[in-house]
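Work through the exercises below with the model open. Try each task before reading its solution.

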Amino acid sequence: MTETAALLQVIHRLSHRAWAREAGRIGLSHSEFEYLAAVHAEAQTQFWDGDAHGQHLHNVVDRLGVSKASASAMVSKLEARGLITRIQCQMDARAQHIILTDAGAELLKRGEDIYEAVAKDLPEDVAKEVKAMQAS
């Protein structure tokens, strides 16, 4: 394994551990976080077209590289939890906009805080992990 690949593996392991520790406390799985982040990111790239804000399901599908069925199921789950809402698109009666609720934005922030904590300690933690790998 190249040094870069080994470092990537260490960073992934550190991030995964942080999510495993915090997921239950904040009540958000990593998959749910990814969807909230995608909805938020897509909302930041939208331009005003005279319609309400938000994005359509296909935008989230494209961003995450998941199937439409998978995205639809997760959007329904997040909507049931009150983390997103859907409103009818005024430009296309067949489509709906997906928008983060205040509760969804708060959980997204808490998920981002997990990554911030990992990033803060990353140089020291990576050094420890690499040293342990070299010792074995």
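**Exercise 1.** Which side chains does a polar contact of 3.1 Å join?

Solution. The model is predicted: local features need pLDDT of at least 70, side-chain atom pairs count only at pLDDT 80 or more, and totals for chains, interfaces and linings use all residues. Residues are numbered from 1 along each chain as its sequence is written, and side-chain values use heavy atoms, with hydrogens and water left out.

- Step 1. Apply the criterion: a polar contact is a pair of N or O atoms within 3.5 Å; within protein, one must be able to donate a hydrogen and the other to accept it, and residues adjacent in sequence count only if both atoms are side-chain atoms.
- Step 2. The pair is Glu32 and Lys77, whose side chains lie 3.1 Å apart in a polar contact.
- Step 3. Helices (H or I, at least four residues) and strands (E, at least two) are DSSP runs, numbered from the N terminus.
- Step 4. List the contacts (heavy atoms within 4.5 Å). Beyond neighbours within four places in sequence, Glu32 touches Gly27, Met74, Lys77, Leu78 and Arg81.

**Exercise 2.** Classify Glu32 and Lys109: buried, partly exposed or exposed?

Solution. 

- Step 1. Set the classes: buried is under 20% relative accessible area, exposed over 50%, partly exposed in between (1.4 Å probe, protein chains only).
- Step 2. Glu32 has 4% relative accessibility, so it counts as buried.
- Step 3. Lys109 has 42%, so it is partly exposed. Lys109 sits in helix α5, residues 102–135.

**Exercise 3.** Which residues touch the most other members of the largest nonpolar core?

Solution. 

- Step 1. Define the set: buried Ala, Val, Leu, Ile, Met, Phe, Trp, Tyr and Cys residues joined through side-chain atoms within 4.5 Å.
- Step 2. The core has 24 residues, and Leu28, Leu36, Leu78, Ile84 and Ile98 touch the most other members.
- Step 3. Two or more residues come from each of α1 (3–26), α2, α3 (57–64), α4, β2 (96–100) and α5. Helix α2 gives the most, five residues.
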